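Have a look first, then we'll go through them.

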Amino acid sequence: MLSFAFGQIRLRPAAFAGLAAALFLAVATLTLFGSLLAAGIAAPAAPGRAVAGPGLTVIAAGFGEIAVLVSFFVVVNTLGFAIRQQHWELALLRTVAATPGQVRRLVRWQVLVTVLLVAPAALATGAAGARWFLHALVVRTMAAPTVHVPASPVPLLVAVVAALAVGLLSASVAARRITRIAPAEAMAASTTEHHRTGWFRVVAGLGWLGGGGLLLRLVATQPADKAGQAALLAALVLLVAVALLGPLLARAVVTVLGAPVRASARCCGWLADANLRGYAHRLSAAVVPVSLLVGLSCTMVFMTTTVEHATGRPADASLSTVNSASDVWLRQAELAMLVCFAAVSTVNTLAALTADRRREFALLTLLGATRRQLARTLCVEMLLTAAVGVLLGTAVAGTTAAAFSLSVTGSALPSVPWRAYAWIVLGALALTAPGILGAGLRATSGRATELVGGQRG
């Protein structure tokens, strides 16, 4: 079973590189904030009270809560995608007498091997990051100079066990589709797009959407100094709802955006629009990381500018606290970390998704499409994918910022820095382009007859 797991990892290095990067970030983040939390708990009481700000324990818990949730969100997304790419091979194993239990064990071994491969480097990075972060807090008088990161293995063990538990649970859910049906049915399902969105996924998505609505209501009624962290949590919950309802939302948005594209670019526009609408689950997998990137970045930026504009009003002690230099630095550090997660997820997912379409591109070539036409089609697909992701992410950020603005200013209209927003959109485009165009152009190279006649993918 172990040799099979290594074989699949070697066969699809792009998909497992994305999973390895996501697991690396998850283990490193857990180690970093677990070590900081241990340092805060072990610190003497007197120095902790003498520092400015909420204290090391509160910073590590609040700051790490969002970062860890985002890292697990990225792990679940990339793992589900990596396993979907293996559906054909897993279905083939079912047809040669592999039992559902053996297939599930194979997938679990792949997760275990990947976690163990990245764990040493991730633990070292997280431990070094904890020391650097603590030093930065000490410099800004947000932690006492006498506080040190304890040399305890507990945060490291917790990080590995938690990442492994999330990975194994996600693997079981992702492999459920291919193991619960008969081998012949699994083989047929692995070669076609699964058009129907399951009722469980829809109900779960609506549940997360309802939870996000309740959190937004809580944000709007909280004082400014407490609403910020709740707003980030609300944005993350709404993004999970977008991920679950992704096939439905993405198909609806691309149907609207695709109409003018079909009219203006007949051949390439029609093909790109048909590809995106016909493979809504694939489109959803591509759109979710872009939405995560735009949603989290815009939420942080909109909240910061809303607070900055509000501080010009009559005195408000809570606003002064929220807009202090230390708090702004914390938000910037958190934003940089969240953008790092989202950028890794965006590039890896889009590159692996496009690289997996080599056989599709080869078939189009055999039907008469030139490489230039395929490149133009990929350009249109890239623009539409980025536009759908930006729109969904902006909707989440706008709703969250409106609730936060109600808390801070009493108005539901947040302050939106349009120049910064334009840079975020350009950044999303810049990350989408190499993932689709670079991988797509590489996938269209080679002999079409060999790609079609060879193995799938």
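Q: What makes H4 roughly parallel to H16?
A: The axes of H4 and helix H16 (residues 325-355) cross at roughly 5° and come within 10 Å. Angles under 35 degrees count as roughly parallel, over 145 as roughly antiparallel, 65 to 115 as roughly perpendicular and the rest as oblique, so H4 is roughly parallel to H16. The axes here are lines fitted to C-alpha atoms, for helices over the stretch in contact, with angles running from 0 to 180 degrees between N-to-C directions. As for the helices, they're DSSP runs (H or I, at least four residues; strands are E, at least two), numbered from the N terminus.

Q: Which residues make that contact between H4 and H16?
A: On the H4 side you'll find Ile59, Phe63, Ile66, Ala67, Val70, Ser71, Val74, Asn77, Thr78 and Phe81. H16 brings Leu330, Ala333, Glu334, Met337, Leu338, Phe341, Ser345, Thr349, Ala352 and Leu353. Contact means heavy atoms within 4.5 Å. By class, the contact of H4 with H16 comes to 14 nonpolar, five polar and one charged. The classes work like this: Ala, Val, Leu, Ile, Met, Phe, Trp, Tyr, Cys and Pro are nonpolar, Asp, Glu, Lys and Arg are charged, and the others, Gly among them, are polar.

Q: What kind of model is this, and how are residues numbered?
A: It's a predicted model, where local features need pLDDT of at least 70 and side-chain atom pairs count only at pLDDT 80 or more, while totals for chains, interfaces and linings use all residues. Residues are numbered from 1 along each chain as its sequence is written, and side-chain values use heavy atoms, with hydrogens and water left out.

Q: Why are H4 and H14 called roughly antiparallel?
A: The axes of H4 and helix H14 (residues 280-310) cross at roughly 165° and come within 11 Å. That angle falls in the antiparallel range, so H4 and H14 are roughly antiparallel to each other. The crossing of H4 past H14 is left-handed; that's the word if the near helix is turned anticlockwise from the far one by less than a right angle, and right-handed if clockwise.

Q: Which residues of H4 and H14 make the contact?
A: Val70, Phe73, Val74, Asn77 and Arg84 of H4 meet Ala285, Val288, Pro289, Leu292 and Leu296 of H14. The contact of H4 with H14 divides into eight nonpolar, one polar and one charged.

Q: Why is H13 called oblique to H18?
A: Helix H13 (residues 266-278) and helix H18 (residues 371-409) have axes that cross at roughly 55° and come within 8 Å. That makes H13 oblique to H18. H13 passes H18 in a right-handed crossing. Cys268, Gly269, Leu271, Ala272, Asn275 and Leu276 in H13 are up against Gln373, Arg376, Thr377, Val380, Glu381, Leu384 and Thr385 in H18. Sorted by class, the contact of H13 with H18 holds six nonpolar, five polar and two charged residues.

Q: How do you know that Asp273 is buried?
A: Its relative accessible area is 0%, and buried means under 20%, exposed over 50%, partly exposed in between (1.4 Å probe, protein chains only). So Asp273 counts as buried. Asp273 sits in H13. Apart from neighbours within four places in sequence, Asp273 is in contact with Val254, Gly258 and Arg262. Asp273 and Val254 are 19 residues apart in sequence and 7.5 Å apart in space, C-alpha to C-alpha.

Q: What makes Thr400 buried?
A: Thr400 has a relative accessible area of 0%, so Thr400 is buried. Thr400 is in H18. Beyond neighbours within four places in sequence, Thr400 is in contact with Leu216, Ala231, Ala235, Leu238 and Thr299.

Q: Why does Ala60 count as buried?
A: The relative accessible area of Ala60 is 4%, so Ala60 is buried. Ala60 belongs to H4 (residues 56-84). Leaving aside neighbours within four places in sequence, Ala60 is in contact with Phe33, Leu36, Leu37 and Glu65.

Q: How do you know that Gln110 is buried?
A: Gln110 has a relative accessible area of 1%, so Gln110 is buried. Gln110 lies in helix H6 (residues 100-139). The C-alpha atoms of Gln110 and Ala5 are separated by 5.0 Å, though 105 residues apart along the chain.

Q: How many helices and strands does the chain have?
A: The chain has 20 helices and zero strands. Buried residues make up 49% of the 457 residues.
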